Amino acid sequence: QVQLVESGGGLVQAGGSLRLSCAASGTIFSVNDMGWYRQAPGKQRELVAIITRGGSVNYADSVKGRFTISRDNSKKTVYLQMSSLKPEDTAVYYCNCNGRRIGVGQFDAWGQGTQVTVSS
């Protein structure tokens, strides 16, 4: 089993900052990509940012220059530093990671989601 535990969501005023964290645990041999997705009410889940094991990153155009994704491989943890937040960033944010299990097989796991609300 692989579990992802997210933390750091909350309510913030427009222009403010929040930092999300997501720690992976369980029968993990190695972690490849780690990423953050979000889903606003009535909308599809969308990619926010993703970081590979080697540190390559990719961002949604809507968050470039405002959000920074990073990871600590020793802790199997991924972070999302969000700055200059806008009301349109309001959503449930989900962590996702994939990799190899201890023993046999791959995994692709999701966190439970954390609410981010940006007030105007």
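So, in what order do the elements of the chain run from the N terminus on? They go β-β-β-β-β-β-β-β-β-β-β. In total that comes to 0 helices and 11 strands. Both kinds of element are DSSP runs numbered from the N terminus, with helices being H or I over at least four residues and strands being E over at least two.

Before I go on, some housekeeping. This is a predicted model, so local features need pLDDT of at least 70 and side-chain atom pairs count only at pLDDT 80 or more, while totals for chains, interfaces and linings use all residues. Residues are numbered from 1 along each chain as its sequence is written, and side-chain values use heavy atoms, with hydrogens and water left out.

Okay, overall dimensions. Along the principal axes, the C-alpha atoms of the chain fill a box of roughly 50 × 25 × 20 Å. The radius of gyration is 14 Å, which agrees with the value near 14 Å that a compact globule of 120 residues would have. That radius is taken over C-alpha atoms, and the globule rule is 2.2 Å times the number of residues to the power 0.38.

Of the 120 residues, 42% count as buried. Buried here means under 20% relative accessible area, exposed is over 50%, and partly exposed is in between, with a 1.4 Å probe and protein chains only. The accessible surface of the chain is about 6200 Å², and 48% of that belongs to carbon and sulfur atoms. Those areas come from the Shrake-Rupley method with a 1.4 Å probe, and for residues only the protein chains shown count as cover.

As for contacts, meaning heavy atoms within 4.5 Å, take the ones in the chain with a separation of 6 or more: 56% of them are between residues 24 or more positions apart.

Now the sheet I want to show you. It's an open one of 4 strands, in the order β1-β3-β8-β7, with antiparallel pairing. At the edges sit β1 (2-7) and β7 (67-72), each pairing on one side only. On average, neighbouring strands of this sheet are turned by 15 degrees against each other, direction ignored; the axes behind that are lines fitted to C-alpha atoms, for helices over the stretch in contact, and angles run from 0 to 180 degrees between N-to-C directions. As a reminder, strands of a sheet pair through backbone hydrogen bonds, either parallel or antiparallel. For two strands to count as paired, DSSP has to find at least two bridges between them.

Let's walk across. β1 and β3 (residues 18-26) pair in the antiparallel sense over 6 bridges. S7 has S21 as its bridge partner in β3, and V5 has A23.

β8 is mostly covered, with 5 of its 6 residues buried. On to β7, which 6 bridges join to β8, also antiparallel, and here D72 stands opposite T77. The hairpin of β7 and β8 has 4 residues between the strands, and in it K76 takes a positive phi near 50 degrees.

Next, the cysteines. How many disulfides are there? The count is 1, going by cysteine sulfur atoms within 2.5 Å. The pair is C22 and C95, with their sulfur atoms 2.1 Å apart. C22 lies in β3 and C95 in β9 (residues 91-101), so the link ties together parts that are 73 residues apart in sequence. The link is left-handed, with -80 degrees about the S-S bond, and both C22 and C95 are buried.

Last stop: T114, which is in β11 (residues 114-119). Buried or exposed? T114 counts as buried, because its relative accessibility is 12%. Leaving out residues up to four places away in sequence, T114 touches E6, G9, L20, A91, V92 and Y93.
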